[in-house]
Amino acid sequence: MKNGNKAKNGRNGKMQTAGRAPRISVERATPVNERLPVLKTYKIFIAGKFPRTESGRYYQLKSPAGQPLANICDCSRKDVRDAVSAARAAQGSWAARPAYNRAQILYRIAEMLEGRAPQFVDELTRQGVSGAEAEVAASVDRFLYYAGWADKYQQVFSAVNPVASSHFNFSVLEPTGVVAILAPETPSLLGLVSLVAPTIAGGNTCIALASTGQPLCAVTLAEVLATSDLPGGVVNLLTGRRAELLDHFASHMDVNAILYAGDDPKEIAAIRTKSSLNVKRPVIHTRGDWTSPEAQSPYFILDAQETKTTWHPIGT
Amino acid sequence: MPSPAVQLNFSTTWSYAPAPESAAHVKVAPRYELFIDNRFTPPAEGGYFDTINPATEKKLSEVARATAADVDKAVAAARRAYEGPWSRLAPNERGKYVYRIARMIQDRARELAVIESMDGGKPIRESRDVDVPLAAAHFFYYAGWADKLDYAFPNRSPKPLGVCGQIIPWNFPLLMAAWKLAPALATGNTVVLKPAETTPLTAMKLAEIIQDADLPPGVVNILTGAGDSGAAIVNHPGIDKIAFTGSTEVGKLIQKSLASSRKKLTLELGGKAANIVFADAPIDQAVEGIINGIFFNQGHVCCAGSRLLVQESIAEMVLRKLKDRMRTLIVGDPLDKNTDVGAINSKPQLEKIQQYLKIGGEEGADLWCTECDLPQRGYWCRPTLFLNCSQSHRVVQDEIFGPVLAVQTFRTVEEAIEKANNTPYGLSGGVWTDKGSKIFKVSSQLRAGVLWANTYNKFDPASPFGGYKESGMGREGGLHGLLPYLSLN
């Protein structure tokens, strides 16, 4: 059984020779005197803290070879509500931060992610992903990319409007508010990062649902976010079943926009239908290739921005 | 400061001689057909319905009722035009057609203003000075964009969407037609437009202008009708984009009904804007702004300043001045150039307003209205205040769409912001203070798409307009108003 797993990704033996902690998926037959690894409990991320789901439910994540990798929180509607409350509470002060500060925090996230790259590579690999190094590197670079945009998109897309009357009139971008993100199943890390990074670069806060089949990196990304000076509540990460949580994400009355990555017509219709309850902005990304150059641009930031126009008389 | 007991009483000492705008030069046909493929075409099966003058309750004309068969025909015409001459036209030539429309609206401005006031009830001063000039300006502004679209969105080559279905409200009939048509045409789309049931006439005049401007047949099709005609447009499979301006209730229905569709959607919906007056405001200007905010166009304005938030320390003075100013408002004949507040647009709308006047009282707010004379016939509502409102009152939370202002007080900046933001809407807002830093603090924290600081209800084609939250999505006006009609991919 384990031979098959080793043959597939070739990581386990390498990890042991490097003296790294073995994982739950391998070492069932650990010799008596060898050190027993400390396993990681994968929890969710709400308001900067790492609770378990209030539902008490879980699902067991297995490797492609069928070995258990971890117990994953199977979040419920209550977790969605808690996450939205946290996101709403954090939104005003996050949006009010100087763009320079948001840029530095996104840069800090890239630094932390880079430093823990081997862990992400390891988790992706254990979940059966080939090319994990490239995905992690692209994820670091994506945070860096949007760190750079955080203090620039406003200049590119705002305007002073030449109105005919004697008024000074200008339009600026403001964050839409609380954004719900349904990240793609794969790539589980890069897809999530590609939607979260532009959302928070633009001053929104978010709740995101990790890939159901490959949730490990989302939880570990939460640990990166928690150590990057990102205020609690700006990003809230849930794990669980998309089929159950999609409706709760789309119907929550205090969510202002919802980003969906996928191409299931039923899911898209459900999101659009529920969005009409409070005129949420649904943004549907059907693209499959999150590694392409088109998968990053300031237009991803614009997906969760509102244009505010202000008038003031010119006179004495 | 004068004693509160002393009141200005204009009604007994001042009287204005009637100053009616002549309607003699205006030609309104007894019947209007549907405008499809540049031809006036009888409806397939829907028959005709009356459009009346809300100030006299007299019939002005009858217009065709479009049904699904007519929508099919109009969409087919729009598709032929899109795939034929319109998309083959050089962008600068396309722009010239839009410029022509702007010029012809200017040529016929007087006629359009009079018909607008007759069909919709708005004062001639507003249709003459606001609606019609702004409609022409809107076409003029967007015409110039037609051959410059590659400069609008960095690193993108925008493409038109195809056939657009556009549904507009009755509060600014011609102006809303301009807001919809001008950007759609400039960006290279073709259009099926439906004017509101109670105000179809200026749209039919615009159809004549489009004929005169010699636009290729099918580029603009105008279908009159009611809600079911609109639904047939929304649900038509041959349409690529829906743009709707109207109530939040209907907007949500449209968003829902398009859930399984590939159509692009923009919505410009209701509002419940707070007009916030601080103690350090220029008070007399603020009072004018409050008046303009809620009584402009009988309060039939989605961005109306329908909530007054006044700082407690000046509330008594502001309300006294506000009541004095309200007593001078002349309610009556929309065609009289002295009229400030015209007729309520329709009987159902008047009934809705009256329902809210009842609800407000029942919920505990204090109703105050002017005592001006009203004409015998027609639909009228006196300028009205609700005093001592609570945040939970329906007259504070709901869009009434009439000349009814809900008044609340506040003590701190934070309280004003919190109250202002505490509705599901987010279309507009007003702030009055002489302190610049306070303007920026408040305007940046109000969750609304249009902010007027020390002014209110100003509009311009170059200025993006549209809402946050349940007030809609997308912007109309300015560079930002191109985006709803383009694909950037």
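Visitor: Is B:Asp214 buried or exposed?
Guide: B:Asp214 counts as exposed, because it has 10 C-beta neighbours inside 10 Å. Please note that this is a predicted model.

Visitor: Where is B:Asp214 placed?
Guide: B:Asp214 sits in the loop between H7 and strand E9 (220-222) of chain B.

Visitor: Where is B:Asn457, then?
Guide: B:Asn457 belongs to the loop between strand E18 (450-453) and strand E19 (472-473) of chain B.

Visitor: Buried or exposed, for B:Asn457?
Guide: B:Asn457 is buried, with 23 other C-beta atoms within 10 Å.

Visitor: Back to H7 of chain B. At what angle do H6(B) and H7(B) cross?
Guide: The axes of helix H6 (residues 173-186) and helix H7 (residues 201-212) of chain B cross at roughly 50° and come within 8 Å. H6(B) and H7(B) are therefore oblique to each other. The crossing of H6(B) with H7(B) is right-handed.

Visitor: Which residues make that contact?
Guide: H6(B) contributes B:Pro173, B:Leu174 and B:Ala177, while H7(B) contributes B:Thr202, B:Ala203 and B:Leu206. By class, this contact of H6(B) with H7(B) has 5 nonpolar residues, 1 polar residue and no charged residues.

Visitor: Turning to the largest nonpolar core, which residues touch the most other members?
Guide: B:Val98, B:Phe139 and B:Val192 do, in a core of 95 residues. H6(B) supplies the largest share of this core, 11 residues.

Visitor: What does B:Val98 touch?
Guide: Leaving aside residues up to four places away in sequence, B:Val98 touches B:Phe139, B:Tyr142, B:Ala143, B:Ala146, B:Ala182, B:Leu185 and B:Ala186. Another core, of 90 residues, lies apart from the largest one and includes A:Val178, A:Ala218, A:Leu221 and A:Tyr260.

Visitor: Now chain A. How many helices and strands does chain A have?
Guide: Chain A has 12 helices and 10 strands. Of its 316 residues, 50% are buried. Among contacts in chain A between residues at least 6 apart in sequence, 74% join residues at least 24 apart.

Visitor: Within chain A, how many residues of H5 (residues 117-126) are buried?
Guide: In helix H5 of chain A, 7 of the 10 residues are buried, so the helix is largely enclosed by the rest of the structure. The buried residues of H5(A) are A:Phe120, A:Val121, A:Asp122, A:Glu123, A:Leu124, A:Thr125 and A:Arg126. After H5(A) comes A:Gly128, with a positive phi near 95°.

Visitor: How do H5(A) and H9(A) pack?
Guide: H5(A) and helix H9 (residues 216-226) of chain A pack at an angle of about 165°, and their axes are 9 Å apart. That makes H5(A) roughly antiparallel to H9(A). H5(A) passes H9(A) in a right-handed crossing. A:Gln119, A:Phe120, A:Glu123 and A:Leu124 of H5(A) meet A:Leu216, A:Cys217 and A:Thr220 of H9(A). The contact of H5(A) with H9(A) is made up of 4 nonpolar, 2 polar and 1 charged residues.

Visitor: Which residues does the cis peptide bond join in chain A?
Guide: A cis peptide bond, with omega about -5°, joins A:Thr186 and A:Pro187. A:Pro187 is in the loop between strand E5 (178-182) and helix H8 (190-201) of chain A.

Visitor: Last topic: how many residues of chain A are in contact with chain B?
Guide: 28 residues of chain A are in contact with 36 residues of chain B. Strand E4 (167-175), helix H11 (265-275) and strand E10 (305-313) of chain A each supply at least two residues of the side that touches chain B. E10(A) gives the most, with 8 residues. By class, that side of chain A has 10 nonpolar, 14 polar and 4 charged residues.

Visitor: And what do the buried residues of H11(A) pack against?
Guide: They pack against helix H10 (242-251), strand E8 (257-261) and strand E9 (281-285) of chain A, together with helix H9 (248-257) of chain B. The buried residues of H11(A) are A:Ala270, A:Ile271, A:Arg272, A:Lys274 and A:Ser275.

Conventions
Residues are numbered from 1 along each chain as its sequence is written. Chains are lettered from A and ligands numbered from 1 in the order in which they are written. This is a predicted model: local features need pLDDT of at least 70, side-chain atom pairs count only at pLDDT 80 or more; totals for chains, interfaces and linings use all residues. Axes are lines fitted to C-alpha atoms, for helices over the stretch in contact, and angles run from 0 to 180 degrees between N-to-C directions. Helices (H or I, at least four residues) and strands (E, at least two) are DSSP runs, numbered from the N terminus. Angles under 35 degrees count as roughly parallel, over 145 as roughly antiparallel, 65 to 115 as roughly perpendicular and the rest as oblique. A crossing is left-handed if the near helix is turned anticlockwise from the far one by less than a right angle, and right-handed if clockwise. Two residues are in contact if their C-beta atoms, placed from the backbone, lie within 7 Å. Ala, Val, Leu, Ile, Met, Phe, Trp, Tyr, Cys and Pro count as nonpolar, Asp, Glu, Lys and Arg as charged, and the others, Gly among them, as polar. A nonpolar core is a set of buried Ala, Val, Leu, Ile, Met, Phe, Trp, Tyr and Cys residues joined through C-beta atoms within 7 Å. A residue is buried if 20 or more other C-beta atoms lie within 10 Å of its own, exposed if 12 or fewer, and partly exposed in between; C-beta atoms are placed from the backbone.
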